[in-house]
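New notebook page. I'm going through this structure step by step and jotting down what I look up.

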Amino acid sequence: MDKSIKILLYIVLGVVVFQGLFTLFFSHSQLKDALNEIKEVKSNLKVISDSLVSSKKQIGAIMNNLDNSQTKMDLMKNQVDVLYLDYHANETKSGIERKIINTELKEAEKVIDDLKNQLDELK
Amino acid sequence: MKKITIILLLLSSLHSAAQIDDPKDPQGIIILSDTFCFSNNKPTPYLSGTKLTIQCDSVYIINKHRYILYEKAADIIRKKEYVNTCNVLIKNYEERLQAQNKAFDNLYKKYIQLDSISQRTISDTQNSLIQVSNTITAAQSNIVVVDKKMDNLTSTIKEQRKKSFFDKIWFGAGGIAVGIIGGLIIAN
């Protein structure tokens with residue numbers, strides 16, 4: 001066999017052996033990276049899940065506050081309605097009393113007018 | 001008919017003199033006849049020492065103080081100032097009351113509107129929050145699903161990695177073996 005071909009074959013075999021040794025001891029697996037990334041994603045998902053749980057709790061608290069506010073507003077509205085009705089009832093009562101007073105005043109005025117006429121008739 | 005004769009002693013500060021037109025009897029005593037009793041004449045002041053014969057059914061004699069008081073009262077009645085003031089007061093009060101009623105009604109209407117808007121806002125907010133809560137629940141479910149899939153993926157990758165490890169050993173050992181055997185063949 002020609003010497004140069006032998007050298008070439010040795011080089012090729014050396015490369016094959018080197019590749020084998022490299023694969024055995026130094027090759028890097030991307031699957032390991034993927035596992036790490038999955039772990040990181042899972043950790044992130046847990047953080048998101050915790051945030052969502054906290055948000056749900058806060059929403060629950062807000063809902064309770066809104067319910068309380070609504071109840072208070074309903075109570076307030078009822079009280080205002082009662083006050084409004086009371087006011088108008090009192091107003092009606094007061095109107096009747098005012099009418100009576102006005103009538104009495106008119107009568108008094110009439111008496112005073114009569115008195116005035118009588119006084120005017122006097123010299 | 002009962003006749004009342006009263007002699008009036010008015011205070012000397014009265015400036016008017018006794019009516020000289022009044023009829024008098026022969027003794028000079030002034031006679032207040034029936035005509036006087038029903039007349040609309042002005043009150044007549046009589047000075048100290050005046051003697052009167054009253055022929056009316058009855059007369060009322062008042063002193064100066066009461067006369068001034070009555071005149072003041074009559075003046076008030078003539079002017080009607082208090083009545084007018086009272087009417088103005090009542091009118092103002094009625095107007096004020098009407099304005100107040102109107103303002104109160106407006107206030108009540110605005111309160112009702114505000115209450116309605118607030119109730120609607122609260123209701124809308126609650127609905128929105130329920131939707132958000134549902135979305136969060138859905139997101140949580142999705143996260144659980146994704147987490148499970150991630151677990152499956154992890155176990156798959158781990159299996160794959162194990163398999164790949166043995167493949168690598170075979171491939172590496174094979175390469176070394178091929179190189180050594182090839183070298184030996186070439187050397188021989």
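**Where the chains meet**

I started with the contact between the two chains: 50 residues come from chain B and 49 residues from chain A. On the chain B side, two helices, α2 (64-79) and α3 (81-187), each supply at least two residues to the face that touches chain A. I noted that α3(B) gives the most there, with 43 residues. Sorting the residues of that chain B side by class, I got 25 nonpolar, 18 polar and seven charged.

A reminder to myself: this is a predicted model.

**Chain by chain**

Chain A was quick to list, with two helices and zero strands. I looked up burial next, and buried residues make up 2% of the 123 residues in chain A.

Chain B has three helices and two strands. Following its sequence, I wrote down the order β-α-β-α-α. Of its 188 residues, 3% count as buried.

Does the length of α2 of chain A, residues 30-121, agree or disagree with what a helix should give? At 1.5 Å a residue, its 92 residues should span 136 Å, and I found the end C-alpha atoms 128 Å apart, which agrees. I then counted the buried residues among those 92 and got zero, so α2(A) goes down as hardly covered, a residue needing 20 or more other C-beta atoms within 10 Å to count as buried.

I ran the length check again on α3(B). Its 107 residues should span 159 Å at 1.5 Å a residue; the end C-alpha atoms are 149 Å apart, which agrees. Three of the 107 residues are buried, so α3(B) lies largely in the open.

Which residues of α3(B) are the buried ones? They are B:Gly172, B:Gly175 and B:Gly179. I checked what these buried residues pack against, and the partner is α1 of chain A. The general rule I keep in mind here is that an α-helix has 3.6 residues a turn, so residues three or four places apart point the same way.

**Helix against helix**

For each pair I looked up two numbers, since two packed helices are described by the angle between their axes and the distance between the axes.

First on my list is α2(A) with α3(B): they pack at an angle of about 170 degrees, with axes 6 Å apart. That angle makes α2(A) roughly antiparallel to α3(B), because anything over 145 degrees counts that way. I noted the crossing of these two helices as left-handed. The residues in the contact of α2(A) with α3(B) come to 34 nonpolar, 15 polar and nine charged.

Next I took α1(A), residues 3-25, against α3(B). Here the angle is about 160 degrees and the axes are 7 Å apart. So α1(A) is also roughly antiparallel to α3(B). I have the crossing down as left-handed. By class, the contact of α1(A) with α3(B) holds 14 nonpolar, ten polar and two charged residues.

Then α2(A) with α2(B): the angle is about 115 degrees, with the axes 9 Å apart. Since 65 to 115 degrees counts as roughly perpendicular, that is how α2(A) sits relative to α2(B). The crossing of α2(A) and α2(B) is left-handed. I wrote out who meets whom: A:Ile112, A:Leu115, A:Lys116 and A:Leu119 from α2(A) meet B:Ala74, B:Ile77 and B:Arg78 from α2(B). The class count for the contact of α2(A) with α2(B) is five nonpolar, no polar and two charged.

I checked the backbone of B:Lys80 and found phi near 60 degrees, a positive value in a residue other than glycine. Is B:Lys80 buried, exposed or partly exposed? I counted 15 C-beta neighbours inside 10 Å, so B:Lys80 counts as partly exposed.

Terms used:
Residues numbered from 1 in each chain as written. Chains lettered and ligands numbered in written order. Predicted model: local features only at pLDDT ≥ 70, side-chain atom pairs only at ≥ 80, totals over all residues. Contact = placed C-beta atoms within 7 Å. Helix = DSSP H or I, 4+ residues; strand = E, 2+ residues; numbered from the N terminus. Nonpolar A, V, L, I, M, F, W, Y, C, P; charged D, E, K, R; others polar. Expected span 1.5 Å × (residues − 1). Buried ≥ 20, exposed ≤ 12 C-beta atoms within 10 Å, placed from the backbone. Axes fitted to C-alpha atoms, helices over the stretch in contact; angles between N-to-C directions. Parallel < 35°, antiparallel > 145°, perpendicular 65-115°, else oblique. Left-handed = near helix turned anticlockwise from the far one by under 90°.
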